[in-house]
Amino acid sequence: MKYQLYMALLGLVLTGCGVQAPTKSDTEPMELAAAMGGDTLGYARATGPQLFNMPSDLGAHPDFKTEWWYFTGNLFSDEGRRFGYELTLFRSALAPPDVDDESAGAPPDSAWDTRQLYMGHFSLADPETGEFYAFERFSRGSMGLAGAQSPPFRIWLDDWNMESESIEDLFPLRLMAEEDGIGIDLHLGRAKPMVLQGNDGWDPKGEGEGNASYYYSYTRIETEGTVSLRGDRIEVSGQSWKDHEWSTSALGPKESGWDWFALQLSDGREIMVYQLRRKDGSVSPFTSGTLVLEDGSKRALEADQFEITVRDTWLSPVSGAEYPSGWRLEIPSEDISLSVTPVQPNQELNVSVRYWEGAVDIGGSASGEAITGVGYVELTGYDTPPTDAQ
Amino acid sequence: MTNLSQQPSPSFPGRLLRRSSRRYLRQHPLLILLSILGVAVGVSVVVGIDLANSSARTAFQLSTETVAGRATHALVAGDGPIDDDIYQEVRVGLGVRQAAPILEGYARVSDPTGPVVQLLGIDPLADGDFRSFAGGPGGGLDLGGFMGGSSSVLMAPATASRFGLEIGSSFFLWVDGRAKEVTLLDMLDPSDDLEATGLDNLIVMDISVAQAVMDAPGQLSRIDLRLPLPIDVENMTALVEDRLPENVELRRAEARSSTLDQMTEAFSLNLTAMSLLALVVGMFLIYNTMTFSVVQRRSLMGRLRALGVTRREIFWLVLSEALLIGGIGAIIGVLGGVALGRVLVGLVTQTINDLYFVVRIRDLDLSYWALAKGLLLGIGSTLLSTIPPAREATRAAVSTVLRRSENESRISAMLPRLNWSGLGLAVLGGLLLWGSGTNIAVSYVGILAIILAGACWTPALVLLGSRLLRPVLGGVFGIIGRMAASGIGQSLSRSAVAVAALTIAVSATTGVGVMVESFRTTVDTWLTYSLEADVYISPPGTVFRRNDSTITPEAEAVIRSADGVISSFSVRTANVVVDNEPTDLIVTEPRPSALEPGRYKAIADYDHREAMRSRDVVMVSEPYSYRHGTRVGDELLIVTANGPIRFEVGAIYHDYASDLGAVQMTRSRYDIHFNDPFVSGLAVYVAPSDSVETVVEQLREATTSVQGLNIRSNRDLRQASLEVFDRTFTVTTVLRLLAILVAFVGVLTALMSLQLERRRELAVLRANGMTPVQVRRTVTLQTVSMGLIAGILSIPMGLVLSWLLIFVINQRSFGWTLQFIIDPMILGQAVLLALLAALLASVYPTWSMSRANAADALRAE
């Protein structure tokens with residue numbers, strides 16, 4: 001459910017606020033609705049389900065305005081140390097395809113010429129110390145500086161790299177990112193089958209034709225490798241989650257943010273649920289989710305099938321935003337009752353648009369049995385004060 | 001109340017002193033005004049040049065700094081532009097984050113001869129750490145518009161309004177005679193005045209647009225890096241060595257601006273020295289005025305001393321009077337200097353743009369330091385030149401009766417000492433010039449010593465001149481003539497200073513005149529033998545003497561195969577790194593001519609022309625060899641596409657195109673070592689049966705649709721070159737004229753004070769029956785004689801100066817060997833100038849004296 005967040009981020013980038021050193025946190029956050037504007041005319045739209053063509057659909061869909069490749073995971077060392085990581089690369093088209101009339105025609109004689117912009121986010125949570133590291137990068141999608149291809153699968157931005165080690169298949173896959181001495185070098189091996197989100201991978205996001213995305217996930221991928229921590233190299237293993245989503249349309253003006261959960265349960269099932277929050281405090285009807293069974297088959301979860309209750313909050317000392325920090329997730333139809341707790345409170349990314357994206361621990365019961373798990377939660381829109389005062 | 005009344009009142013002599021001072025100043029308004037004018041002009045020339053120089057430097061530095069941004073280092077290629085694949089390797093392969101690609105260049109706006117602007121191609125996504133063009137917080141650059149496929153550019157609002165552009169306006173950028181249409185997407189937003197100056201002439205665009213506009217696919221000027229810590233530099237140095245091609249090197253960001261600063265160093269220094277000359281002449285003027293005022297009041301001072309005024313008080317009185325004159329003069333001078341600076345800065349910029357690089361000066365950089373310096377120089381030089389007369393005043397004997405003759409007898413007694421001092425100064429000057437090596441500033445001090453030596457010798461020479469003139473004038477004008485001539489000798493303390501001031505001023509103009517003329521003749525001769533082809537073709541560049549634009553291969557093919565062209569050769573000017581320094585490399589194809597005599601300053605004992613084709617042999621220009629101490633047989637390390645390679649120097653050739661120096665290589669060797677198929681210029685020979693003008697026309701027609709090129713006949717190119725030459729000496733000429741102006745004011749005051757002082761003497765003559773006409777004639781004859789003596793003295797002095805300027809200053813500044821050409825016209829002009837100044841100077845005293853009532857003048861003051 002990265003969709004709205006990335007539309008917002010890319011909207012910001014397109015209006016220029018994103019082009020600065022990520023360390024600068026003095027920028028006033030933009031209001032989401034303003035950031036998510038942008039002309040969608042001339043781009044391809046996600047108008048209905050269509051067959052994915054693998055492996056080429058693993059790569060880029062440049063005719064759509066927005067696209068991202070998202071990896072998160074919970075990693076553990078033999079000594080019991082644990083980390084949470086996020087590595088996401090986004091693509092955004094700066095101009096719609098085929099507008100090559102005479103006046104808008106780009107000078108064709110430069111290899112730098114491009115309509116594709118890439119953005120990368122990399123974060124690492126270290127609950128042992130409570131440190132949270134977050135980095136952001138931008139690049140143009142030309143000159144080999146950043147790009148997306150398949151087959152063989154490779155998405156990269158500078159030396160941040162998601163690269164398949166096989167010609168035809170996505171896995172095994174290597175993730176590499178490093179900045180300021182903080183890095184990951186992970187091998188993603190055996191994975192549960194791909195899950196097509198929404199309606200066979202077509203996931204409506206709002207009213208109106210084409211306001212939807214193509215969206216698939218790998219909800220559980222065995223992962224091992226190393227985490228670099230300012231000179232220390234720590235061997236780790238664990239589980240990752242991959243999303244790949246592309247679309248053109250934008251989020252509606254009523255939404256203020258969202259809470260998104262990607263949970264990997266100890267019984268071999270995964271849950272993906274999200275709720276869109278509106279400015280008036282209500283929950284959008286486009287709130288939904290998926291329960292992935294052990295064999296990889298899925299069950300859709302409608303908005304009325306689950307309930308999310310906030311148990312605790314955390315006040316960011318950097319942004320002053322107050323985030324939920326601990327939830328209770330009830331899915332009565334599946335007899336699932338979970339408590340979701342961040343592995344550490346501070347997992348706020350102070351990048352172009354501030355958001356919280358963090359590793360969580362899960363406890364609770366399913367069908368009366370005790371259950372545990374790990375996962376990732378994403379919280380957006382808590383940075384901006386409520387604007388319902390008209 | 002009581003306290004106030006109890007304050008000690010000024011002493012009686014003190015009041016007297018001040019009153020005498022006021023009275024004196026009131027009585028000689030014209031003289032004082034002229035002195036003030038003299039100081040003012042001297043100071044304004046110094047301030048004007050200083051401001052012009054520093055403004056050019058500041059403008060250049062600011063634009064360099066603005067463009068360099070926060071970069072600490074840059075990756076450059078030693079053999080020309082850097083391959084843009086290197087950037088990918090640096091960022092993706094080596095994972096270096098703080099790296100930004102830059103493609104820089106120049107273009108003309110709107111039409112092929114429009115104003116020159118600097119182009120800066122950036123990657124907005126990589127540039128944030130370096131420059132704030134691409135939008136700081138809330139900067140709001142429309143990235144989609146900037147790099148999303150349309151040819152968009154940014155510029156500062158001031159730049160846009162200068163070109164009459166608004167957001168959304170489309171206009172053409174001309175590079176190498178080719179035009180690309182671009183659109184003004186948005187304005188750059190300078191955060192302060194300094195940045196506004198830095199951005200003033202800059203057009204910023206995405207790197208893809210820059211490559212298209214400059215027709216430079218695959219090229220970058222450099223890759224900016226931020227390596228804040230020594231360890232970063234160390235790591236990067238290792239990466240460059242191990243992982244990047246051999247022609248890539250890491251350079252510090254400052255190196256760039258300092259290299260370009262050094263380019264103009266000699267030029268600026270010479271201008272400063274010339275401006276100081278005007279001040280030196282101004283100093284003579286002050287000296288003269290103050291001496292005159294002291295001499296005039298000798299008897300008064302004697303009486304004051306008798307009344308108990310101390311020597312010290314007299315000394316300070318004279319000094320404070322001088323301070324008043326110098327202070328007012330300096331203030332006016334500083335104000336005038338600002339005005340003059342505005343004129344000069346245009347001329348200085350023009351020269352820099354013709355010779356070195358493109359710089360645009362938005363406004364005069366009014367640094368307080370430059371203004372304070374002018375003020376201090378004006379007042380300081382006034383005080384310095386007042387010390388001798390002030391000391392003389394303190395020597396006034398305690399007496400009620402005093403005559404100047406005592407002074408005159410003293411100067412006669414001083415003559416031997418003056419002559420010896422002159423000799424001493426001359427020897428000192430000679431030693432300074434000989435021992436100063438390449439130091440131009442010290443060389444100028446040496447020249448100053450020699451000028452002062454000339455001034456010391458002037459009294460003796462004036463005496464000699466007046467004795468020689470006496471029989472001549474006596475023969476022609478009778479008693480009046482003899483009186484006029486001996487009068488000069490009798491009032492030696494006055495006349496010698498006047499003559500010295502005039503001599504120095506006139507000889508300075510002669511010296512500079514002869515130097516410029518010699519230079520021009522040398523360049524003309526050089527052009528004659530180096531421009532051997534019939535027609536020259538080059539793309540319009542932005543710097544006349546350093547054109548590294550390229551002719552498109554299509555245009556080249558059209559020209560080479562055109563009707564009427566029987567043969568042709570190409571020239572390529574590239575900037576490469578030679579012995580760790582960016583250097584102009586001139587690449588030539590073999591030309592049909594035979595060995596040109598006089599073309600070389602030194603050659604190897606083998607056939608260097610053959611060697612340059614068959615092995616790694618190059619030749620260097622005379623300025624290059626001078627700047628780097630390069631001799632035939634030395635080796636140069638030139639960075640080529642294949643890495644650094646040693647080349648042997650086979651010859652040193654005369655070249656007046658650039659004082660920066662150049663290295664020349666044959667095309668065949670260049671093609672082996674460099675990946676650059678382009679040419680910067682073509683020279684073609686026309687069949688004897690065809691008219692050159694017709695072929696020029698045909699070539700213009702044939703290429704017009706391919707590329708806008710400058711196609712000039714041999715004669716036109718030579719003409720254009722000389723025009724640029726003359727233009728570069730405009731500043732010099734202006735300075736020369738200003739020095740003449742100061743000299744003229746000096747002579748005017750010197751001669752006027754001299755004649756005014758002789759009022760009583762002339763009144764006696766009148767009383768003894770001399771008619772006003774006869775008095776007038778005596779005075780005129782005397783001043784004109786002095787002018788003549790000064791004019792004649794200025795000839796040897798001027799020749800010495802020009803010799804020093806040509807063989808010492810020019811050699812040491814630029815490394816050029818010039819022919820020493822003495823144009824009798826210039827020498828004649830000098831004498832005429834001196835005579836004219838003298839004649840004009842005699843007008844007022846003559847008029848006032850012949851009108852004066854003899855009885856009034858005779859009355860004691």
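1. Handedness of a helix pair in chain B. In this predicted model, helices α3(B) and α12(B) cross with left-handed geometry. Helix α3 of chain B spans residues 29–68. Helix α12 of chain B spans residues 265–296. Their axes come within 9 Å and cross at roughly 170°. Angles over 145 degrees count as roughly antiparallel, and α3(B) and α12(B) are therefore roughly antiparallel to each other.

2. Residues at the α3(B)–α12(B) contact. From α3(B), the contributors include B:L31, B:S35, B:G38, B:V39, B:V41 and B:G42. Further along α3(B), B:V45, B:V46, B:I49, B:D50 and B:N53 are also among them. They meet a set in α12(B) that includes B:S268, B:L271, B:T272, B:S275, B:L276 and B:A278. B:L279, B:V281, B:G282, B:L285, B:I286 and B:T289 belong to the α12(B) side too. By class, this contact has 14 nonpolar, nine polar and one charged residues.

3. Domains of chain B. The domain assignment gives domain 1 as 1–70 + 252–402 and domain 2 as 80–246. Domain 3 is made up of 458–532 + 717–801 + 816–861. Domain 4 covers 540–708. The C-alpha centres of domain 3 and domain 4 of chain B lie 49 Å apart.

4. Chain A. Its secondary structure comprises two helices and 25 strands. Chain A has 390 residues, and 53% of them count as buried. Among contacts in chain A with a separation of 6 or more, 59% are between residues 24 or more positions apart.

Notes: Residues are numbered from 1 along each chain as its sequence is written. Chains are lettered from A and ligands numbered from 1 in the order in which they are written. This is a predicted model: local features need pLDDT of at least 70, side-chain atom pairs count only at pLDDT 80 or more; totals for chains, interfaces and linings use all residues. Axes are lines fitted to C-alpha atoms, for helices over the stretch in contact, and angles run from 0 to 180 degrees between N-to-C directions. Helices (H or I, at least four residues) and strands (E, at least two) are DSSP runs, numbered from the N terminus. Angles under 35 degrees count as roughly parallel, over 145 as roughly antiparallel, 65 to 115 as roughly perpendicular and the rest as oblique. A crossing is left-handed if the near helix is turned anticlockwise from the far one by less than a right angle, and right-handed if clockwise. Two residues are in contact if their C-beta atoms, placed from the backbone, lie within 7 Å. Ala, Val, Leu, Ile, Met, Phe, Trp, Tyr, Cys and Pro count as nonpolar, Asp, Glu, Lys and Arg as charged, and the others, Gly among them, as polar. Domain bounds come from an automatic or database domain assignment. A residue is buried if 20 or more other C-beta atoms lie within 10 Å of its own, exposed if 12 or fewer, and partly exposed in between; C-beta atoms are placed from the backbone.
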